[in-house]
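Here is a short note to read alongside the model. Please keep the structure open as you go through the points.

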Amino acid sequence: MEDPEVIIGSLNPNDTRGKTVTCKAAVAYGPGEPFVVERVLVHPPQKMEVRIKILFTSICHTDLSAWQGENEAQRAYPRIFGHEASGIVESVGEGVNDMKEGDLVVPIFNGECGDCKYCKCEKTNMCERFGVDPMKKVMASDGATRFSTMDGKPIFHFLNTSTFTEYTVVDSACVVKIHVDGDGDLNPYIKRLTLLSCGVSTGVGAAWNTADVHFGSAVAVFGLGAVGLSVAEGARARGASKIIGVDINSDKFIKARAMGITDFINPRDDEKPVYERIREMTCGGVHYSFECTGNLNVLRDAFLSAHEGWGLTVILGIHPSPQLLPIHPMELFQGRRIVGSVFGGFKGKTQLPHFAKECMDGVVKLDDFITHELPIEEINKAFDLLTVGKSLRCLLHF
């Protein structure tokens with residue numbers, strides 16, 4: 001593929017600014033149907049919107065479940081999925097002042113407008129207008145799409161981002177400019193920064209912002225996909241002394257140990273409940289447990305593995321089941337707490353640039369998360385790798 005530096009240097013917005021762009025995209029036409037890589041039309045950004053040339057995009061389990069159409073109410077086709085990416089600004093719409101053509105950016109599914117009561121509140125990273133909304137399929141400004149087929153039929157957006165395309169249009173509230181001090185070169189980091197759009201930020205942020213993992217603490221991570229291993233990486237960086245990984249795939253342990261996991265439990269190896277095994281290993285339970293699977297039975301194990309009196313359980317998994325929490329209210333009187341975490345508690349535009357710098361400085365190790373790289377034409381293969389658990393993050397390029 002082309003070197004990112006060559007791509008950045010050769011982009012000339014004067015050739016495309018204000019015009020409809022024809023480019024390559026992976027389009028889904030139905031739940032679970034193979035992606036079709038085809039030419040699409042991407043229209044210019046409107047007021048407070050940004051058009052981005054995508055350099056790299058990756059696949060998250062949220063893309064997988066949405067593509068499979070697990071929640072019928074959220075289905076919309078044809079659609080361009082994808083919400084993890086890095087790219088450069090090709091053009092900006094009226095009113096966009098915090099970024100310009102040529103800036104390196106990452107799109108974020110959980111935006112920050114900076115003006116609503118949520119954005120102004122230090123206790124949350126929610127945004128009233130541009131927060132996570134799996135039902136949203138059009139742009140906020142006019143209720144229309146910025147994508148269409150070559151014969152003019154609309155193609156729907158996904159999670160404020162839609163990154164399985166060479167060009168995408170995103171609300172400016174959902175775009176974060178990444179920079180370095182002085183004349184630093186960003187090119188070596190471009191691939192890795194793709195992970196900050198979702199997975200790594202979600203996991204590390206849950207450890208740092210939501211749980212505030214402390215030095216010498218004991219941690220249990222349920223589900224060792226990219227998000228779970230990001231939690232482990234965040235806990236490792238904070239100095240946790242014991243990080244227990246729980247997964248039904250024992251093959252993950254080799255990779256997990258290299259990324260901070262100190263102990264491993266496969267629930268299928270022993271009839272004893274996982275939470276009992278964790279309590280035995282930690283003299284009563286962990287300080288922090290993280291549920292990254294979206295499974296209610298696993299959630300209960302995670303909750304009961306936290307120590308009475310002070311244990312905190314953080315929910316990161318997406319739960320499609322209509323069933324409610326498997327916790328009796330009186331169990332909360334034992335001092336355990338439970339909380340959800342979205343995008344790791346990061347306010348995207350305000351806090352993500354600093355986190356990106358920490359990653360570039362080596363505080364968080366990103367390289368091990370990238371297990372495969374493929375051209376966009378092989379996106380169906382990339383989804384297969386994720387489905388069978390053989391990849392953490394597969395980077396796609398155009």
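1. Basis. This is a predicted model, in which local features need pLDDT of at least 70, side-chain atom pairs count only at pLDDT 80 or more, and totals for chains, interfaces and linings use all residues. Residues are numbered from 1 along each chain as its sequence is written, and side-chain values use heavy atoms, with hydrogens and water left out.

2. Main core. The largest nonpolar core has 105 residues. Such a core is a set of buried Ala, Val, Leu, Ile, Met, Phe, Trp, Tyr and Cys residues joined through side-chain atoms within 4.5 Å; buried means under 20% relative accessible area (1.4 Å probe, protein chains only). Phe-290 and Phe-355 have the most contacts inside this core. Domain 1 (19-196 + 367-395) and domain 2 (202-341) both contribute residues, so the core lies between them. The domain bounds come from an automatic or database assignment.

3. Second core. A separate core of 10 residues includes Ala-218, Ala-220, Ile-244 and Val-274.

4. Annotation. An unreviewed UniProt entry gives "domain: Alcohol dehydrogenase-like N-terminal" for residues 47-178. UniProt annotations may be inferred rather than shown by experiment. Over residues 47-178 the chain is 6% helix and 27% strand (DSSP runs: helices H or I, at least four residues; strands E, at least two).

5. Sheet. Four strands form an open antiparallel sheet, in the order S1-S2-S6-S7. Strands pair if DSSP finds at least two bridges between them. S1 (21-27) and S7 (154-155) are the edge strands, each with a single partner, so one side of each has no neighbour in the sheet. S2 (residues 36-42) and S6 (residues 147-148) pair over two bridges. Leu-41 has Ser-148 in S6 as its bridge partner.

Technical notes. Buried means under 20% relative accessible area, exposed over 50%, partly exposed in between (1.4 Å probe, protein chains only).
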